[in-house]
Every structure is written in C-alpha cells, then in structure tokens.
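Me: I would like a close look at one side chain in this protein. Please start there and then set it in its surroundings.
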Amino acid sequence: MPLYAPAPKCPVHGTQGRRVRNGIYRRPGQPVPRQRYRCWPDKPDPDFPKGFHNFTPPLAREHVHTGENHCEACEERRNVHHGDQVVARRQSWNLRVVAEGLEKLASGAETYSSVGRWAWETTGRVRTRPAKLSDAERERRAKVAAWEKEVRAAEAAGSRPPAKPRGLSLDPLPSALADRRRRRDADGRELPARRTPSARSAEARNRWHVAADWVEMYAPVLWQPLHGRLLAAEAAEHARRVAMTDAERAADGRPQVLLLDDSPVNSRAAFDGRATLRSRREYFVLGAATIDWPARRPGDGPPTPDDRHTRLRLLRAYPSNERTAWRLLFDELGFQPGVREPEFILADAGTGLRRGIEDYFQTAVLVPSLFHIHEALTEALVRQTPGAVVLTDTGKALRPELAAHLSWLTADRIRSMDDRQWSAWWDDFEVLLDRLNLPPEKLVERRASYEPSVAAALPSLRAHPGVPVSTGGFETLPRTTVKTVLTGRGHAFANIERTNNLFDLVVCRNRGVFAQRSDVLAKLRTETLRHDGWAAAPRDVADPQPPAPATYSSLRDKDLLDQLGSRGAA
C-alpha cells in the first residue's frame, strides 16, 4: 500500500509549515538530479513577502520508490521523499555503494582496484566527481561546440562546412626525456624497456583511486566513534579495578590484558641487473589486542579460559618497530605511564619490544608469550644449530628428544612453576644438547632473553589464574586480517595515513561495526549532515613528491617517526 511520509524539514521553519515537492533540477556535470521543495510557513515571515520560499535538502536522492514502503536492495524504508542518498555533495556515489565498498575493503579480500571497478560497474558511472576545467579549456570547448554547430547547419543546408579554426586542437603531450626513457642498473647497464601496460592494468591504475578516496574520507567516520567508546570503557574498567583490593582482583578473575605483536612487511627488490632478487624490508605492522570477558552477574564465579575472547584493538603501520613507534601506539591507546596502564602485557620478550614496554610502562607486568618462546627456540634449533634436525618420512623435523622437551613446557606447567623449577628446565635443556653433541650457543642466547622475563612474571601468574600465557589466539587474528590485506600488494602501500585508515576499517570489522549495514549508513549520513552535506576533500592526504623520477613514501620514512613522536599521535 502507498505509504504517507512527510517532506523533509525546512531549514528555516522546520515542521512549522506546509511543504510540497516543487520539481527537480540538475546542474551541468551533476549526475544526480536534486529535488526542490516549497515551504509555506504557518506564521507570516517578513523575510519571505510572497508567503513561501523554496529550499533543497543538503544531499540529493538517487532514486525513490513510489507506492512502496520498503526496498529490499537498500534495506531501508523508502518513500517518495526518501531514496538512495548520495554520500556527500559533489559526489556521485550513493551511501549504500560506499558502505558496501568499505565493508569489502575491511574484509581484506578486495583490493582498491577491484572495489573501484565494482563501484563503476554497479552504478554505471565513470568518474567519482566531474573534472575541474580551467577557464582556457572551457573557452576552447565552447568554440569547438560552436564550430560543430556550424558544421551541422552547413551539412543540413547542403553547403560546404567551414574549416576548423586553428588553435582548437589539443597539442600532443611532450615525449619523455631520453634519460627517463632508458632504465639503467647500478652498474650503468641499460635494462629492458618497461612493458606497455595492458588494458586491464591501465584500468586498475585509474580505478583504485575511487576506493582509496572512500577510505581516506569515511574510515575516520566509523573508527572515531568506536575508538572513543573503547577508550571510555577501558578507562571505566581501570577505575573499577583500581578501587579493588588485591584479593578482590584475584577473585574477580577479569584482569585487563594487553596483547602486543609486530610483523615485518617484506618485498622483493626490483631487478637491478644482478643474478638474484634480494628481499628488502619495507615497513612494520604493529598490532594490539585486548581480551573481552563475559558480563558480570551476581553469584557467578571467575570466568574460565573458554569464556574470554581476543579482539583487535589497534593496528598501525610504521616505518620501523623501534621504541618511538611503540610509544606512538601506546599513546593512541590512551595509556599514561604510572596513571593508567594495563595490568598485564602479553607479548614477545624480544629485545626491541621489551625495551619499548620497559621504557613506557611502570606498573604493568610483562608476561612473555609461550607461543613466541616455542617459536624462538624452534628457530634457534632448526636454523642455527647444526645437527638438531633429522629427516623423517614427513620431511625435516627436530630430533625427538628436543621436540619432547619443548612440548613438555605447556601453559599449565609454566603457571605452576617457581623460579627454581623454571631455571632447572633450562639446565636440563643444555644438558640434553650436551648429550646429543650439539652446540649450545644459540640456546644460551635465547635463555638470556627469556629466562629472567618469565621468572619476573611467575608470581603474578600464580596469583591471577585468568591471565593467559600465550598469544596463540592473537596470532590468528593478524594471519586472517592483516596478512589478507597485505598478501600480494604489501609493497604497493605508500601513504602512512591512508594505510592506517584502512587498518582502522579492519579493526572496525573485527569489532562488529559492519554487522548491521543500516547502522553504517546511519553513521555516514549523520556525519555528512552534521556538516551541511559536505564531506572531507578527497585525495587531501598526499605525500609531497620530489621531481621525477625520484619518489617519496611516508610509510617508509624512518625520520617521520621522530617528528610524530614530538607532536604526539593525535
């Protein structure tokens, strides 16, 4: 049945007046027509002597459904006044397409290019916004149009068409300089010319900007409310835990635990005339996660390990994983040294991360991850200890004696150990290597790094059984999210701010922001209407580029970390 719905509110009189539709209009180059309304105020307004005035809502509607009260494709109520709303002024993309594109990018399964191609094919558009023409180009096009009109009139009259005036044809682009046309390696030898890109490659290079613009403009709209809500919840939980006694905190069994990890992003260097391609380190992705505990109910005991859930908290791409990078991450998480800190930090006890934690936090207890301990010891034995690997039916593997000694160290056993038992386990490991005639140097290095860190955390682990001792659950999150985003295209990211905006979308998806698309549409619409229909300018976040052929990438500039550290993450 037809659904009655009132017209939009008047920006001057609100609902205090009669409002009706008053035709549509379209400016040159505007893909979506605008709906005009006329308002007759209930009370005479001296500013409008005719008794009425016209107004246009801030955002255009792409289409409306007459006689229908629901649209399955758009998942929103539709009527003659409410169609698919464009995402912002001067934008030809509607809210639904932008919201779905952001969700595709957050999943990591789609690239900038694929999402841009999908947007073009879905809407039948060819541009994100009309091209801005110069005055000279406008004048040239007007003269061309006038000449074409004269040609058509002459052809219709059967007379000879006039010749095209001079100066209306575009001059060809100047050819590249000779030194830029030829590529040379480090030794001065000329390399093969670059292959002409295919039609699909040229299309991908043009269309990836659409999705990149969306990430730059609208990712903060979804991330900032989530980040603020998480900061407020964490601060309230910290205040509640501080007000407890030590016995009450141990009985509650819901400590605040921060999980940290980093992963390098490597790529193969371009061919430089040498026989082999060397792998080079591009940047690092620093990740933080928190543990969500079940809701507290009167009479419930401490939660079990099966009740806790690991959620992503923050992902940041930085040129390095040094102390300054971790400090920026901690500041953005809202921590204050000595004032508000997590109770426990579960991370790898490697040198860089451990020093960053020790320099920043004062009261937090560092718990070395059992997962990383196993990985570090396995790598030291397999790759750096000759004779520790044997050939089996399934391939190379650790010797059975070494694998059994490593597998004996479980979470339950390490939680029940004291300092003497923990030191005895390392002693037995060295005795085992001596009995197998294996060099113990690499094991001694790992022992010097992990033994004192774990020994310092053993009393806290015994007092708080709810604290996990392994980041195995956290390791699966970057593997299914970050690595999915970076696989095959990690080398292509160059802008540090836009890349981190994309990682913000990944965290939003992990936190359930995209669970209801109607909520995403409402957030985008509310933020745009808050600024009278305007959104942030696209491609405003750009790295200053030096003269060609040199390039600059803020994601790989290590000096940028010191500048960010001096100004603060905000």
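Does E137 count as buried or exposed, and why?

Reply: E137 counts as buried because its relative accessibility is 16%. The cut-offs are under 20% relative accessible area for buried, over 50% for exposed and partly exposed in between, with a 1.4 Å probe and protein chains only. The model is predicted, and local features need pLDDT of at least 70, side-chain atom pairs pLDDT 80 or more, while totals for chains, interfaces and linings use all residues. Residues are numbered from 1 along each chain as its sequence is written, and side-chain values use heavy atoms, without hydrogens or water.

E137 belongs to helix α3, which covers residues 135-157. Helices (H or I, at least four residues) and strands (E, at least two) are DSSP runs, numbered from the N terminus. The side chain of E137 has a polar contact, at 3.0 Å, with the side chain of R140. Such a contact is a pair of N or O atoms within 3.5 Å; within protein, one must be able to donate a hydrogen and the other to accept it, and residues adjacent in sequence count only if both atoms are side-chain atoms.

The setting is a protein of 570 residues, of which 42% are buried. There are 18 helices and ten strands in its secondary structure.

The aromatic rings come next. Searching the whole structure gives 14 aromatic pairs. Rings of Phe, Tyr and Trp (its six-membered ring) pair if their centres lie within 6.5 Å; planes under 30 degrees apart are stacked, over 60 edge-to-face, the rest tilted. W40 and F52 have ring centres 5.9 Å apart and planes at 50 degrees, so this pair is tilted. W40 sits in strand β2 (residues 34-41) and F52 in the loop between β2 and β3 (53-55), so the pair ties together parts twelve residues apart in sequence. W40 counts as partly exposed because its relative accessibility is 28%. F52, with a relative accessible area of 24%, is also partly exposed. The ring centres of W425 and W426 lie 5.2 Å apart with planes at 85 degrees, so that pair is edge-to-face. W425 and W426 are both buried. Elsewhere, ring pairs join W326, F330, F335, Y360 and F361 into a cluster.

Two charged residues sit over ring faces. R18 lies over the face of W40, 4.3 Å from the ring centre. K104 lies over the face of W118, 5.1 Å from the ring centre. Here NZ of Lys or CZ of Arg must be within 6 Å of the ring centre and within 35 degrees of the ring normal.
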